[in-house]
Amino acid sequence: MSFRKEPKHTHGTIAKTAVLLVNLGTPDAPTAAAVRPYLRQFLSDRRVVEIPKVIWWLILNCIILPFRAGKSAEKYATIWTKDGSPLRVHTEKQASLLRGYLGERGHEVRVAYAMRYGNPSVSEVLQQLKNEGCDRILIMPAYPQYSATTTASIFDAVFHHYLNERNVPELRFIKHYHDHDAYLSALEKSVRKYWDMHGRPDKLVMSFHGVPKRTLLLGDPYFCECQKTARLLAAQLGLREDQYVVSFQSRFGKAEWLQPYTAPTIQKLAKEGVRRVDVVCPGFVSDCLETLEEIAMEVRHDFLEAGGKDFHYIPCLNEDHAWMSACAEIAEQHMIGWPTIITSTMRDDRKITAEVTQRQAKLLGAEQ
């Protein structure tokens, strides 16, 4: 096995700490040419699709990619902004803000972001952090609820990167924060803020991303964590059981997925005479294709076509102050014990150490 070349080490250099925020990913452009490699990487992940490799290779390359890439590109085009993919724009802003929020708490850390699929890749950013001298890295998935199809896949990417590293940094992983008080508080404030501006619905639908039902039966806790998030959020909003519904969206393929499905649920509510529904997606912390196109466009159309009168989509947390404060709190709790809080005295000591190291290097060079 060959290892990557290690960056040049200077004695006396103080190791840095980094937080890596990792989201699902996005194609680089809303075109079939850009979507195709993104889908190939995504749908080739054994965590995402557990069909035998040979069979799935034929399905993926002979059926899905030739026909789905173009359709997906058309959907991405409907939500694309002048700055690019909404998912990437929001994630980049969140990483930048998170550094500031942690700084206000007294932490000196580097905060970066990466995408599990697409760019910037997990491996690329981890290498960049090493080159910058980061020897302690906290991996923070942008998934409040744990699933092997998402969170574990991020962990796989991190482990795979370090298979070829000689000097592996100290690593910590955030598994989930589906029931964290700060996350739930941010969700509650977001919903209440929307209701203060637009009024309340007849029914609140909490739509989470779906996964095959088989994963639940095999021990994946995702379904249970989604239900807990919904129950706790409903309690904080003061909702009775008949005032909200939990559903699952983005079904793919013919296998049974977690139910109830979002689109049929919305249509059923409309046919039952529910005039207004609000949909919130607690499992997404950044608006993306699944929220802006699937929910805010497709599901809205389904509700109105079925006789509903008023459909509202409540945006994701994105860069909301309460959410960014929650991110900082969650990251801070997982960095306990790491020397990230820098006092003025410590800064002075570091400056002196750096100056001494530079002088020693100059003297050594002069002697040689």
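**Close-up views of a predicted model**

The structure holds eleven aromatic pairs. Keep in mind that this is a predicted model. The legends below take a few spots one by one.

View A. Is Tyr38 buried or exposed? With 6% relative accessibility, Tyr38 counts as buried.

**View B. Phe208 and Phe248 pair up at a tilt.** Here the rings are 6.2 Å centre to centre, with 35 degrees between the planes. Phe208 belongs to strand β5 (residues 203–209) and Phe248 to strand β6 (residues 244–249), so this pair ties together parts that are 40 residues apart in sequence. Both Phe208 and Phe248 are buried.

**View C. Strands β1 and β2 run parallel.** How many bridges join β1 to β2? Eight of them do, with β1 spanning residues 16–26. Strand β2 (residues 110–118) is mostly covered, with eight of its nine residues buried.

**View D. Helix α1 crosses helix α2.** Two packed helices are described by the angle between their axes and the distance between the axes. For α1 and α2 (residues 53–79), the axes come within 8 Å and cross at roughly 135 degrees. That angle makes α1 oblique to α2. As for handedness, the crossing of α1 and α2 is right-handed.

**View E. The charged end of Lys175 sits over the ring of Tyr146.** How far is the charged end of Lys175 from the centre of that ring? The distance is 4.8 Å.

**View F. Ile342 sits in a loop between two helices.** The helices on either side are α11 (321–334) and α12 (344–367). Ile342 counts as buried because its relative accessibility is 7%, and the cut-off for buried is under 20%. Along the chain, Ile342 and Arg47 are 295 residues apart, and their C-alpha atoms are separated by 40 Å.

Technical notes. Residues are numbered from 1 along each chain as its sequence is written. This is a predicted model: local features need pLDDT of at least 70, side-chain atom pairs count only at pLDDT 80 or more; totals for chains, interfaces and linings use all residues. Side-chain values use heavy atoms; hydrogens and water are left out. Buried means under 20% relative accessible area, exposed over 50%, partly exposed in between (1.4 Å probe, protein chains only). Helices (H or I, at least four residues) and strands (E, at least two) are DSSP runs, numbered from the N terminus. Two strands pair if DSSP finds at least two bridges between them. Rings of Phe, Tyr and Trp (its six-membered ring) pair if their centres lie within 6.5 Å; planes under 30 degrees apart count as stacked, over 60 as edge-to-face and the rest as tilted. A charge sits over a ring if NZ of Lys or CZ of Arg is within 6 Å of the ring centre and within 35 degrees of the ring normal. Axes are lines fitted to C-alpha atoms, for helices over the stretch in contact, and angles run from 0 to 180 degrees between N-to-C directions. Angles under 35 degrees count as roughly parallel, over 145 as roughly antiparallel, 65 to 115 as roughly perpendicular and the rest as oblique. A crossing is left-handed if the near helix is turned anticlockwise from the far one by less than a right angle, and right-handed if clockwise.
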